[in-house]
Amino acid sequence: MTAESSSLVADPHYGPLKEHLIRSTGLAYYTDKDEDLAGRIGRRLAALGMRDCASYLDILHDPEKGEGELAALAAELTIGETYFFRHSEQFDALRQIVLPDILERNRASRRLRIWSAGCATGAEPYSVAVLLRRDLVDQIAGWEVTILGTDVNRSFLARAREGRFEEWALRATSEDLRHCCFERQGNSWALRPEYREWVSFQYHNLAKHPFPSLVHNLAAFDLILCRNVMIYFGPAVIASIVERFEECLVGGGWLVVGHAEPNTEVFRQFLTVNAPGATLYQKAAGYQKAAAVPAPLPNVASTWLPIPPAVPPTPAIELPYAALPARQAPEPKPSPRASPDDLRPDDLPTVLALADRGDWAAASACCRRLLEADGLDPAVHFYHALILEQLGFPGEAELSLRRVLYLDRGFVLAHYHLGLFLQKNRNAAQAVRSFENVLELLCREDDGAVFPGSDGMTVADLKELTRMHLEVLRGEVLPRERADG
């Protein structure tokens with residue numbers, strides 16, 4: 001143990017600090033690894049210009065600074081060792097067993113949703129995209145494919161979005177694949193755009209943040225990969241994560257974990273499928289996705305709300321808004337999720353329960369019935385927008401988000417999701433304006449407060465996510481603005 005690490009471990013407040021960290025992050029991996037933990041804490045102390053554990057604990061308990069610093073420390077405590085097609089046997093199983101099964105079951109809907117949980121710098125989700133594009137391209141022609149990567153380390157996510165990798169990350173990649181899918185850029189390799197098209201990234205802490213969650217787009221997956229992540233957590237946290245993974249999968253969906261993950265008893269609610277060099281877990285197929293995407297919706301603008309046919313883009317930070325409609329509804333505060341056996345015909349908990357299990361058509365129908373009864377409820381319009389996007393109706397989804405902002409200009413989550421929508425659809429300039437509106441609306445809020453309707457996200461979390469998106473978008477918008485000037 002280094003002198004610096006020994007000094008930290010000897011600090012009388014090191015024990016309480018360590019206990020707080022493990023309790024807050026679930027990272028039981030460090031319970032018996034004081035040298036490693038102290039070294040990583042020491043790096044955060046050095047970055048903050050601090051020397052003792054008591055002062056650092058004060059920051060972590062601070063209602064404004066604590067959330068952000070805990071996230072920074074959690075990033076320091078995680079290891080980003082990853083490379084393309086890591087554990088080739090598992091990718092063979094994906095190619096030969098898992099993906100063919102999913103594609104057969106989803107032939108009618110022609111939609112595929114994949115989550116890479118703990119994606120580090122992005123090699124895993126990009127590997128899946130390459131596999132699909134290269135080996136299954138004929139089977140998925142015309143499909144809508146979503147591959148979401150999440151991680152607790154924001155710096156990893158920023159690198160993942162760039163899609164550029166050093167030689168070491170391609171050490172298990174053949175020369176043929178390397179030159180077909182990547183472009184050499186100096187000492188690194190950039191993944192070609194067609195292999196990045198389906199992949200997106202967002203911040204998420206498995207031990208802390210909720211899932212399934214419609215608001216966070218964490219629901220109704222056909223495949224979840226969470227490899228070499230749960231080794232950091234204690235048994236209780238692992239059991240909770242696995243249970244929630246099961247809830248995030250559609251009937252017949254698949255879970256792939258790492259070789260070093262816990263005893264298979266943790267996965268007893270799944271069917272176990274053995275493949276050469278890999279063990280896979282499949283959710284029982286009791287609930288199946290809707291057989292097909294429903295027909296396009298009618299012209300709901302004239303039915304539900306008298307919005308002018310051409311809705312102008314949301315203006316950039318023109319607050320306070322002077323002319324609001326007569327009714328201004330609060331942020332959505334739905335009651336806890338309804339269980340499948342306790343669904344009422346028409347309420348928001350039912351909408352969310354249906355969405356969580358991937359029954360998008362039924363969730364949309366429920367929203368429409370609610371809006372027929374009250375077409376001026378911005379919360380219902382908001383959730384319907386998220387559901388419409390999942391159903392493959394992007395135009396209707398955008399219109400519903402703008403309808404929310406027509407009803408309530410202060411509806412922060414609608415600004416945020418409109419920004420995500422515009423970013424996804426390559427409208428960078430308008431997405432920047434939407435995200436700037438989010439930060440303007442949040443500047444008066446307590447960072448430690450849990451944001452209404454956000455499934456447990458704090459104001460600080462939403463600010464940080466928004467800033468991350470703005471960093472990416474401004475890199476796209478500013479060069480064009482300079483060129484235009």
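**Packing and burial in the predicted model**

The side chains of Asp222 and Asn106 form a polar contact at 3.1 Å (a pair of N or O atoms within 3.5 Å; within protein, one must be able to donate a hydrogen and the other to accept it, and residues adjacent in sequence count only if both atoms are side-chain atoms). The model is predicted: local features need pLDDT of at least 70, side-chain atom pairs count only at pLDDT 80 or more, and totals for chains, interfaces and linings use all residues. Residues are numbered from 1 along each chain as its sequence is written, and side-chain values use heavy atoms, without hydrogens and water.

Asp222 belongs to strand β7 (residues 221-226). Strands (E, at least two residues) and helices (H or I, at least four) are DSSP runs, numbered from the N terminus. Asp222 is buried, at 0% relative accessibility (buried is under 20% relative accessible area, with a 1.4 Å probe and protein chains only).

Met50 sits in the loop between α3 (34-48) and α4 (53-61). Met50 is also buried, at 18% relative accessible area. Beyond its neighbours within four places in sequence, Met50 contacts Leu45, Ser55, Tyr56 and Ile59 (heavy atoms within 4.5 Å).

Helices α12 (residues 348-356) and α13 (residues 360-373) cross at roughly 165°, with axes coming within 8 Å. Axes are lines fitted to C-alpha atoms, for helices over the stretch in contact, and angles run from 0 to 180 degrees between N-to-C directions. α12 is therefore roughly antiparallel to α13 (angles over 145 degrees). From α12, Leu348, Thr350, Val351, Leu354 and Ala355 meet Trp360, Ala362, Ala363, Cys366, Cys367 and Leu370 of α13.

Definitions and conventions
Angles under 35 degrees count as roughly parallel, over 145 as roughly antiparallel, 65 to 115 as roughly perpendicular and the rest as oblique. Buried means under 20% relative accessible area, exposed over 50%, partly exposed in between (1.4 Å probe, protein chains only).
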